[in-house]
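Here is a friendly short report to read beside the model. Please keep the viewer open as you go.

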Amino acid sequence: MSEKPEQGALTGAGTGGFRQAHSWLHTWCGLWFSWLLFAVFLTGTLAVFEEPITHWMTPEHHAEEAAERSKPQPTASLSQRLAWGIDYMREHHLSASMWELWPADAQGAGDLRVYWFDSNRQYAAAQLSTADGSPSQPANAPPVRGTQGGHHFVTFHYELHAGTVGLWIVGIAALAMLVALVSGVITHKRIFKDFFTFRAKKGQRSWLDAHNAVAVLTLPFQFMIAYTGLAISASTFMPAGIAAHYGTQAADKERFSAEMNEPGKPAPSGKPMAVPDLEPFVLRGQQLMGQPVRAVVVDHPGDAAARIGVYGWNDEASSKQRLSPTSGMAMFSAATGEVLQVRLPGATDGGNATLAQSVMGGLHMVPFGGLALKWLYFTCGLMGSAMMATGAILFMVKRRNKHLGEFGASTARVYRLIEGLNVAAIAGLGVACIGYLWANRLVPLGIAHRDDWEIGVFFALWALSLLHAWCRQPKAAWREQLGLLALLCVLLPALNWMTTGEMLLTQMLHGDWESAGVEGVAVITGVLAAWAIRWQMRPASVRLKSPKAVAVEVSQ
């Protein structure tokens, strides 16, 4: 790589025409945000299957779920379950400001669970026996590993495990993605022709064709997912309207949150009143909203101002057809039985603006459409990740052949920095993700804050991959990290068999397709990583059709 900049290489947004300015914007905006966007996109793609990943990461529940399916349905009625729930709360959490009962599933069977806010305003829960209403004995329950499961990928995807700061960072990256997408569309002269063009074994041209193909094919999805991601957190990114109406103090923000999430909630009156029988409220609520009861929430239990909310179960058929995932709800005054509010399934509290935000959230998190749409999102997410990865790699492939001297005397060092970031952001993140699953099986069960240890392994592996990428030559770093990724992915079913006794074939025979899917996707990923290593190790004369193709000038 030459240290001497080529004549005319120091170009910027202010040079050239309209298309050249957008080409410059697309290149640099895309590059500096590509590593973060790749991480956000890949973890968001994995988050599509949050539940199956969580299922695989909680093997202690597998036997419990199988036993639950095989045992006879309990005979306790809805009325009895509600009474047991109220009795438990009266005896153990009388002073709690909120009682929440989940009496049964949509068929009137399943678990009986109760929730409340403890003295620290933390959400607490207990499971009661559906045979006699007694609390489940933790001592008799199987040991359960502490883990965030697939929710780790969800949290990282939208806030990087960094709270509001992380949310802002991801929001800025999403905005940069929209800029890169728009400038990329303007840059392309032949966007539809590019979609059908892929010239294999052409070096730099092949990377550009791959980048164009996945970008054009999933362009509507990329726009939708970036825009809806910003819209979901609009109140955080654009707080001026809320601040002007409510104020900027902490109490003002709490008032806004309460009015948004708990509209019409009364203040306690201070007059005692026993919680009434819940069954009449539940029966009326089911009739009003047209759904079986999912939860019963009692605000201010024991007070004369208490209100009772009845929430419904969304059935699978309607959930596939509605963009807004909200369920039905009926709210009553506990003292008078007056109907305070009714919300039909799919509607929202707060008017059309809230409904629009709910629909945006539905489009982003795909709670509708069933498994087929989840796989479509997963596939488009992988292709979006590939778009960012090929763009970042293309930047350096182009400059390996033609030093552009953008950073003056420091150009070679910056190129080396980018090479390392490419390896760690792409291959290293893959190692961190699969390492998170390995940590789930290898971190001891009894350790305190075990879920934090699992996440710590994820970040530690990612940090080590960056250090490794800067210490090794780029080609060796790619080969070694892809090799580790392939090894960890392919051996994941063996690790699971050794630590839990469950085999991939057994999972398939028993119909545990969630666990089988996680391990199957891991094995396929490992095979693809191994193929990438084999491709990289082939001589350039085999990988490229013609040495002349390497020198082809390509404008991004």
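## Ground rules and confidence

This is a predicted model, in which local features need pLDDT of at least 70, side-chain atom pairs count only at pLDDT 80 or more, and totals for chains, interfaces and linings use all residues. Residues are numbered from 1 along each chain as its sequence is written, and side-chain values use heavy atoms, with hydrogens and water left out.

The protein chain has a mean pLDDT (the predictor's confidence in each residue, from 0 to 100) of 86, and 89% of its residues reach 70 or more. Residues 1-10 stay under 50, with 16 contacts (heavy atoms within 4.5 Å) beyond four places in sequence. Residues 547-556 are also below 50, and the model gives this stretch 21 contacts beyond near neighbours in sequence. Where pLDDT is low, the predicted coordinates should not be read in detail.

## Val-293 in strand E4

Val-293 sits in strand E4, residues 293-299 (strands are DSSP runs of E, at least two residues, and helices of H or I, at least four, numbered from the N terminus). Val-293 is buried, at 4% relative accessible area (buried means under 20%, exposed over 50%, partly exposed in between, with a 1.4 Å probe and protein chains only).

Leaving out residues up to four places away in sequence, Val-293 touches several residues, including Leu-78, Pro-103, Val-282 and Trp-313.

## Leu-288, Val-339, Val-342 and Leu-344 make a nonpolar surface patch of about 290 Å² (patch residues have over 30% relative accessible area and no salt bridge; like charges are joined within 9 Å, nonpolar side chains (Val, Leu, Ile, Met, Phe, Trp, Tyr) within 5 Å; a salt bridge is a Lys or Arg side-chain nitrogen within 4 Å of an Asp or Glu carboxyl oxygen; areas are Shrake-Rupley, 1.4 Å probe, and for residues only the protein chains shown count as cover).
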